[in-house]
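Hello,

Here is the structure I promised to pass on to you. Please open it first, and then read my notes below alongside it.

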Amino acid sequence: MSYVYQENVLAKTVKAIHRLDLHLLAKIQQFKSHSLITRYCRYISFSADGYFYVLLGIYLLYSSQYELFNLVSLAFIIERIIYFTSKNLFKRNRPADCIDGFCSSIIPQDKFSFPSGHTSAAFLIAGTIGIWYPSLMAILYLWAVWVGLSRIILGVHFPSDTVAGAALGASVAAMVL
């Protein structure tokens, strides 16, 4: 295959994904009109801001769960390196920065959209903690899915950003286990 052909296929694929993202974003944004859902999404999104993870680490150390603490810490180091590298490599604009008249419900913590760091971290936690505590796995994964959905409803991510974040977090969790 020639380089030009591969470049054309890649460009068409990216455009198709973006069209699908715009369509899904518009559908999911319909939930934003319900103030209760938006408020709930703010809380869910906040739960994945990072404070929870620090408290989790303190709890794991306090309860002498050093092996799990080390596992989660290693997973976060790997995930954050991949996450920050991807953000700065792809430099995908957020919905409010590339859709005329679009307004997000919250101010994002950084400039770029792909992948969703909140979703990535949530799936990382669901995967690592869920394996050690199987009775919590369903709840943790439900929370992680809601984190991803909340980021779309709040208007700071496209759906593919959260899918990529979920794949990143789950992959790193599986890799360190």
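Is Tyr53 buried or exposed? Tyr53 has a relative accessible area of 13%, so it is buried (buried means under 20% relative accessible area, exposed over 50%, partly exposed in between, with a 1.4 Å probe and protein chains only).

A word on the source before the rest. This is a predicted model, in which local features need pLDDT of at least 70 and side-chain atom pairs count only at pLDDT 80 or more, while totals for chains, interfaces and linings use all residues. Residues are numbered from 1 along each chain as its sequence is written, and side-chain values use heavy atoms, with hydrogens and water left out.

Back to the rings. Tyr53 pairs edge-to-face with Phe52, at 5.4 Å centre to centre and 65° between the planes (rings of Phe, Tyr and Trp, its six-membered ring, pair if their centres lie within 6.5 Å; planes under 30 degrees apart count as stacked, over 60 as edge-to-face and the rest as tilted). Phe52 is partly exposed, with a relative accessible area of 35%. Ring pairs join Phe52, Tyr53, Phe76 and Trp143 into a cluster.

By this rule there are eight aromatic pairs. In one of them, Tyr40 and Trp146 have ring centres 5.4 Å apart and planes at 85°, so the pair is edge-to-face. Tyr40 is in helix H2 and Trp146 in helix H7, 106 residues apart, so this pair links distant parts of the chain (helices are DSSP runs of H or I, at least four residues, numbered from the N terminus).

Helix H2 is worth a look of its own. In H2, Thr38, Cys41, Ile44 and Ser45 are buried. Seen down the helix axis, the buried residues of H2 fall within an arc of 120°, so they line one face (the arc is that of the directions from the axis to the C-beta atoms). Their cover includes helix H6 (117-132) and helix H7 (137-153) (contact means heavy atoms within 4.5 Å). On the other side of H2, Ser35, Leu36, Tyr43 and Phe46 are exposed.

Lastly, have a look at Arg92, in the loop between helix H4 (66-90) and helix H5 (95-98). Arg92 counts as buried, at 17% relative accessibility. Among the residues that Arg92 touches are His18, Phe112 and Phe158.

Best wishes

Definitions and conventions:
Helices (H or I, at least four residues) and strands (E, at least two) are DSSP runs, numbered from the N terminus. Lists of a residue's contacts leave out its neighbours within four places in sequence.
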